Amino acid sequence: MPLGAEKGQLLIISGPSGSGKGTVTKKLIPCDNFALSVSMTTRAPRPGEIDGVDYIFCDKDEFVSIRDNDGFLEHATFSGNYYGTPISYVDQKISQGQTVVLEIEVVGALQVKDKYPDAILVFLMPPTFEDLRKRLMERGTECEDEIERRTRRAREEMTELSKYDYLVVNDDIEQAMRDIHMVVKAEKMKPHRNQCKIDSFYGNNPDVDI
């Protein structure tokens, strides 16, 4: 990290399938000083998804090998598939002062929070449970049994909501984006994230209590 520069931060966005977290994440990344951490998964690509952009797709043996060598910041199993966040990319971007955005499930988010207490956890959800189910049906990528499984999982994920720092209701995508930008801006103003500015203010007066 350059001399005098502040470290970046880790922004975690999670929520039920159908909450719109993928859309929100893709809209955040073109913004200044945001970097996307691409997760690795054993699930099959959905139509339109690109390997290395949406996810890093791999088989189970490769995933297990990386996991067993402590190569993931977090890893979880969801709907029979493995997901994990490679460590090296995240650490690099944070050291460069960027906000790294992780779009991960609740289990993985809480794992990361244990390792990075300063991580910012944002839970995204639709206005109602009925809206969630409607979005899953309109997506057209899952059968009825899979939709039922995902809605059951959504109820389970909601029980972990109190462990998150912020709740954003995604009724309107543009408003949800503004809300997340406000969260990031507020977090950047916290004193513990601005030690370099504090040190600069006091200059050569180290005896002053901060």
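What volume does the second largest pocket have? The second largest pocket holds about 430 Å³. The structure is a predicted model, in which local features need pLDDT of at least 70 and side-chain atom pairs count only at pLDDT 80 or more, while totals for chains, interfaces and linings use all residues. Residues are numbered from 1 along each chain as its sequence is written, and side-chain values use heavy atoms, with hydrogens and water left out.

A pocket is defined on a 1 Å grid over the protein atoms alone, as an open set of points where a 1.4 Å probe fits, with protein on both sides within 12 Å along at least five of seven lines; lining residues have an atom within 4 Å of a point. Volume is the space filled by probe spheres set on the points, which are joined across faces, edges and corners.

The second largest pocket has 20 lining residues. Nearest its centre lie E6, K7, G8, Q9 and R193. Two elements, β1 (9-14) and α7 (173-188), each give two or more residues to this lining. Helices (H or I, at least four residues) and strands (E, at least two) are DSSP runs, numbered from the N terminus. The lining comprises five nonpolar, eight polar and seven charged residues. Here Ala, Val, Leu, Ile, Met, Phe, Trp, Tyr, Cys and Pro count as nonpolar, Asp, Glu, Lys and Arg as charged, and the others, Gly among them, as polar.

Two or more residues come from each of α1 (21-28), β5 (72-78), β6 (81-86) and α5 (129-139). The most come from α1, with five. By class, the lining of the largest pocket has eleven nonpolar, twelve polar and 13 charged residues.

Helix α1 also packs against α7, at an angle of about 60° and with the axes 10 Å apart. Axes are lines fitted to C-alpha atoms over the stretch in contact, and angles run from 0 to 180 degrees between N-to-C directions. The angle therefore makes α1 oblique to α7. Contact (heavy atoms within 4.5 Å) involves T23, V24, K27 and L28 of α1. From α7 come I173, E174, M177, I180 and H181. This contact has five nonpolar, two polar and two charged residues.

Methods. Angles under 35 degrees count as roughly parallel, over 145 as roughly antiparallel, 65 to 115 as roughly perpendicular and the rest as oblique.
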